[in-house]
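Hi,

Have a look at it first and then read on.

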Amino acid sequence: MENLISGAIKFMQEDFKEHEELFESLKNKQNPHTLFIGCSDSRVIPNLITNTGPGELFVVRNIANIIPPYRVGSDYLATTSAIEYAINTLGVKNIVVCGHSNCGGCNYLYHPDEELDKIPNVKKWLSLIEPIKKDVLIFARDDLAMRAWLTEKLNLVNSLQNILTYPGVKEGLDEGKLEVHAWYYIIETGEIYEYDFKARIFTLIQDRKVQ
């Protein structure tokens, strides 16, 4: 905790002063250009990997960067409501869903029920991607590395399909007012791959930019 307090003091005394005009301009409103949906994993830092500052990203984070299908419910839909707000109230121009290597949430999908029963809300949340597990086990039941690699990427593709069910997304894409991207971030190398909708493969993002 001491480190957090020291960091907060440094921010107030040094970092804030350096960007004081920016924070002043943001005091009454936000106008982020991008909705960034990522994993809650502490190793994934959206502003760091996108080189963005305050006010640029509207960030939604949850276990395994899952995007549920859109629905209106009587319970509390944190991820769904945040996405809905970003698209229809803030009017973001881009949506990026970002998965990553060695994802603990995706890995927990394969843990035994008696272990998952100890974290029932996580178990319920991961049930959203249960169909992915069935597909992956057909191709990689015993190869744990391949199982993780497939799960993390298929989870991103599934989230892309689900984001299309949200009001305003298809319309925005058709009208050229909105872009949707899926990224796969490799923690140990810093590489970021992007999903190519046409080729249905992940390509290193710098190679796609050159194209």
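Let's start with a pocket. Helix H9 gives the largest share of the lining of the second largest pocket, with four residues. A quick word on terms: helices (H or I, at least four residues) and strands (E, at least two) are DSSP runs, numbered from the N terminus. For pockets, a 1 Å grid is laid over the protein atoms alone; a cavity is a set of points where a 1.4 Å probe fits but cannot get out, while a pocket is an open set with protein on both sides within 12 Å along at least five of seven lines, and lining residues have an atom within 4 Å of a point.

Before going further, note that this is a predicted model: local features need pLDDT of at least 70, side-chain atom pairs count only at pLDDT 80 or more, and totals for chains, interfaces and linings use all residues. Residues are numbered from 1 along each chain as its sequence is written, and side-chain values use heavy atoms, with hydrogens and water left out.

A volume here is the space filled by probe spheres set on the grid points, which are joined across faces, edges and corners. Its lining is made by Ser101, Asn102, Cys103, Gly104, Asn107, Ala145, Ala148, Trp149, Glu152, Tyr184, Ile186 and Glu188. Helix H5 (104–108) and helix H9 (144–163) are the elements that give two or more residues to this lining. Sorted by class, the residues are six nonpolar, four polar and two charged. In that sorting, Ala, Val, Leu, Ile, Met, Phe, Trp, Tyr, Cys and Pro count as nonpolar, Asp, Glu, Lys and Arg as charged, and the others, Gly among them, as polar.

The largest pocket has a volume of about 400 Å³. Its lining has 15 residues, and Arg71, Tyr76, Leu77, Trp125 and Leu128 lie nearest the centre. At least two lining residues come from each of helix H4 (78–90) and helix H7 (120–126). The lining splits into seven nonpolar, five polar and three charged residues.

Most residues other than glycine have a negative phi. You'll find Asn102 in the loop between strand S3 (94–100) and H5. Its relative accessibility is 48%, so Asn102 counts as partly exposed (buried is under 20% relative accessible area, exposed over 50%, partly exposed in between, with a 1.4 Å probe and protein chains only).

Asn51 also has a positive phi, of about 55°, and is not a glycine. This residue sits in the loop between helix H3 (46–50) and strand S2 (57–62). With a relative accessible area of 71%, Asn51 is exposed.

**Salt bridges**

How many salt bridges are there? The count is eight, where a salt bridge is a side-chain nitrogen of Lys or Arg within 4 Å of a carboxyl oxygen of Asp or Glu.

- Lys10 pairs with Asp15, with the closest N and O atoms 3.1 Å apart. Lys10 is partly exposed at 39%, and Asp15 is partly exposed at 27%. Lys10, Glu14 and Asp15 are linked in a network of salt bridges.
- Asp41 pairs with Arg43, and their closest N and O atoms are 2.7 Å apart. Asp41 is buried, at 15% relative accessibility, whereas Arg43 is partly exposed at 38%.
- Lys123 meets Asp117 at 2.7 Å, N to O. Lys123 is partly exposed at 29%, and so is Asp117, at 46%.

**A surface patch and a buried tyrosine**

Met1, Leu4, Ile5, Ile9, Phe11 and Met12 make a nonpolar surface patch of about 620 Å². Patches are made of residues with over 30% relative accessible area and no salt bridge; like charges are joined within 9 Å, and nonpolar side chains (Val, Leu, Ile, Met, Phe, Trp, Tyr) within 5 Å. Accessible areas come from the Shrake-Rupley method with a 1.4 Å probe, and for residues only the protein chains shown count as cover. Met1 lies in the segment before helix H1 (2–18) and is exposed, at 71% relative accessible area.

Finally, is Tyr185 buried or exposed? At 11% relative accessibility, Tyr185 is buried. This tyrosine belongs to strand S4 (residues 179–185). Tyr185 and Ile49 are 136 residues apart in sequence, and 8.9 Å separates them in space, C-alpha to C-alpha.

Cheers
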